[in-house]
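This report goes through one structural model, shown below.

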Amino acid sequence: MSYFRAENLSLHFGGLKAVDAVSFAVEKGEILSIIGPNGAGKSSIFNLISRIYPPTSGKIFFEDQDITQQPAYDIARLGIARTFQNIELFENATVLSNLLVGRHRHSTTQLWQELLFLPSVRAGEKAHRRRVEQVIEFLDLEPYRDKLISGLPYGVRKVIELARALCSEPKLILLDEPSSGLNVEETDDMSFWIRDMKSELGITVLMVEHDMTLVNRVSDRVIALNYGRVLAMGSPSEVQHHPDVVAAYLGA
Amino acid sequence: MRFLFKTDYEDDIRLFPHSGYVYSYGLLLAVLLIAPYVLSSYLMSQLVFVCIYATVGVGLLILTGFTGQASLGHAAFLAIGAYTAAYLQQFNVPFPVYFLAAGLLTGVVGALVGFPALRLQGIYLVIATISFAFIVEEIMARWESVTNGNEGMRVKTMQLFGTTVSRDGPTFYYLCLAVLVLTIVGTLNLLRSPTGRAFVAIRDSETAARSMGINVALYKVKSFAISAGITGFAGVLFAHKLSFISPEMFTLQLSIEFIIVILIGGTFSLHGAVLGAIFLVMIDPFLTYLKDDMPGVIAGAAATLGAGAERAGHIQDAVAAFASANGLKGAIYGVIIVVFVLFEPLGLYGRWLKIKLFFQLFPLYKRATFKRQKIYVKSERNR
């Protein structure tokens, strides 16, 4: 059985088939990239997995558990974290509290304990803080800890979003265009981090990406989509030279 | 300028980041504790109202400032707290019991209001909370067997552990102050733990909050319940302070006053609730001044500037008519809100921070530090 599996996943808006009977599987510990022209349904697949949209039909399995009907907030608890294409950070909070929100799925304290800030809450906060600090070190975010998000440049925000996802200690991470808006150096950093996430933290990565250099550098396998359908699946070079993919990008 | 060197995770958790906070808040507390022995009874009475309004302000801040859910129905929560106290008092229930009962009941009602509010956002939520407040107002007027209808209810003098606590005495003031301080400390505790961060997360991006594992619906209901509960506690004190409650006290105007408290004070920090409460309580004496002294002052000024006695008399009458016009208070509230939203969106506490920074950085302060940024790229958001 595959680690993560989507079966005949469809998302229709009226007559528009944003995602049309897409099936794929992600193996544990691999980096799988989804590529495709704009409007191919890549982000929609992510939104289906993280339950922002309910699928029209089809099923999603994670660790052999059907998660198609799980409420959205349970997806993170199962160990699936994500980033967003158009950064969705908590703008008016500090970097640190953004990252600590990532720890939410691990918090065990009750409301009344928090009102009194009992020792258990304090200990929990310190433990969360320690984990957050490890992520900060991993992604070189030390200069920004106490800064407000609203004052930070785009590139840094992108990394903070990745950090927030990592703080939840996910088993599977969904990266929606991790390099969009980044310059060449930042994209380089990103590719190292994605590889490190796989090798050092043992996280399985599912990624939507347009930058083919990044895709080639990090992906184990690639899926190409167009008009909500799978065009090709396989190693990066196989997919890139697949006639249907070339046609989709360049026009037949 | 002070630089904080953090050596322990505790440094990010503690409520007082450095000794300066301990001294200044300690001094403030000392001043507040000796206040009853120094200030006149009129000022003490005003101070009690500041405490009550600030408590409501903190409650409203949790909901509006930190969870991002607007409410124009907090007068109704205050009313539920006040009426619960007045009702239970009839059966000789002791103060601590009906105080807690009022808070709990209001909290439960707040949670019930929170459920239908889950699907509403922005202006629609405001409308929903206004309608809730009207429903409560109507219930208070009609449910005569419990609330005594439009006749109102008398609130007996508080009995606390066998002693009588006069609403004008220092004990009552200390009680209000204690409730305010405990509310603030509890709220600060909440804000530095997972629940508080979840509130802020919901305010800034519900989608992201959800994808981080936050049960948005549950936390919104929690926020409503806590906010309402705190307002309910304040309602008990409010009832005792006024010693008489009737439905026409808990109108939309009162809800707007609470919004003014947090809007003028600043919606991003608990300081705002206290500063806003002080500001609001000062409006009434200002209006009284406008009514009683202003016409004479202006007429006197006109007379010295060469207007005849008759003209001065006319001016005095005109000013007096203006100052006692119906709805002047509402108009002034409106002007205040508009002026603050336009020119001081961070409120009085924001202004205080700017002044503080000015002196900390002197002479290097840049006006642009707090300039509102224009956001050119407005990303589409998943809702």
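The text below describes the model part by part, starting with its conventions.

This is a predicted model, in which local features need pLDDT of at least 70 and side-chain atom pairs count only at pLDDT 80 or more, while totals for chains, interfaces and linings use all residues. Residues are numbered from 1 along each chain as its sequence is written, and chains are lettered from A and ligands numbered from 1 in the order in which they are written.

**Domains of chain A**

Chain A has two parts: domain 1 (1-79 + 170-252) and domain 2 (90-165). The bounds come from an automatic or database domain assignment. Taken over C-alpha atoms, the domain centres are 27 Å apart. Contact (C-beta atoms, placed from the backbone, within 7 Å) links 10 residues of domain 1 to seven residues of domain 2. On the domain 1 side, helix 2 (72-78) and helix 7 (184-199) of chain A give two or more residues each; helices (H or I, at least four residues) and strands (E, at least two) are DSSP runs, numbered from the N terminus. That side has six nonpolar, two polar and two charged residues. In this classification Ala, Val, Leu, Ile, Met, Phe, Trp, Tyr, Cys and Pro count as nonpolar, Asp, Glu, Lys and Arg as charged, and the others, Gly among them, as polar.

**The sheet of chain A**

Six strands of chain A form an open sheet in the order 6-7-8-3-9-10, with mixed pairing. Strands pair if DSSP finds at least two bridges between them. Strand 6 (80-82) and strand 10 (229-234) are the edges, each pairing on one side only. On average, neighbouring strands are turned by 20 degrees against each other, direction ignored.

| Strands of chain A | Sense | Bridges |
|---|---|---|
| Strand 3 (31-35) and strand 8 (204-208) | parallel | four bridges |
| Strand 3 and strand 9 (221-226) | parallel | four bridges |
| Strand 9 and strand 10 | antiparallel | five bridges |

Ser33(A) has Met207(A) of strand 8 as its bridge partner. Helix 7 of chain A packs on the sheet, where it touches strand 3, strand 7 (172-176) and strand 8, and its direction makes about 150 degrees with that of strand 8. Axes are lines fitted to C-alpha atoms, for helices over the stretch in contact, and angles run from 0 to 180 degrees between N-to-C directions. Ile34(A) stands opposite Ile223(A) in strand 9. Asn226(A) is bridged to Arg229(A) of strand 10. The hairpin of strands 9 and 10 of chain A has two residues between the strands, and Tyr227(A) there takes a positive phi near 45 degrees.

**A helix pair in chain B**

Helix 12 (252-265) and helix 16 (328-343) of chain B pack at an angle of about 30 degrees, with axes 11 Å apart. The two helices are therefore roughly parallel, a term for angles under 35 degrees. The contact involves Gln253(B), Ile256(B), Ile260(B), Leu263(B) and Ile264(B) of helix 12 and Gly330(B), Tyr333(B), Ile336(B), Ile337(B) and Phe340(B) of helix 16. By class, this contact has eight nonpolar, two polar and no charged residues.

**Chains A and B**

Between the chains, 28 residues of chain B are in contact with 38 residues of chain A. On the chain B side, helix 1 (10-13), helix 8 (170-191), helix 9 (194-204), helix 10 (206-211) and helix 11 (216-242) each supply at least two residues. Helix 9 gives the largest share, seven residues. The chain B side has 11 nonpolar, 11 polar and six charged residues.

Technical notes
Contact = placed C-beta atoms within 7 Å. Parallel < 35°, antiparallel > 145°, perpendicular 65-115°, else oblique.
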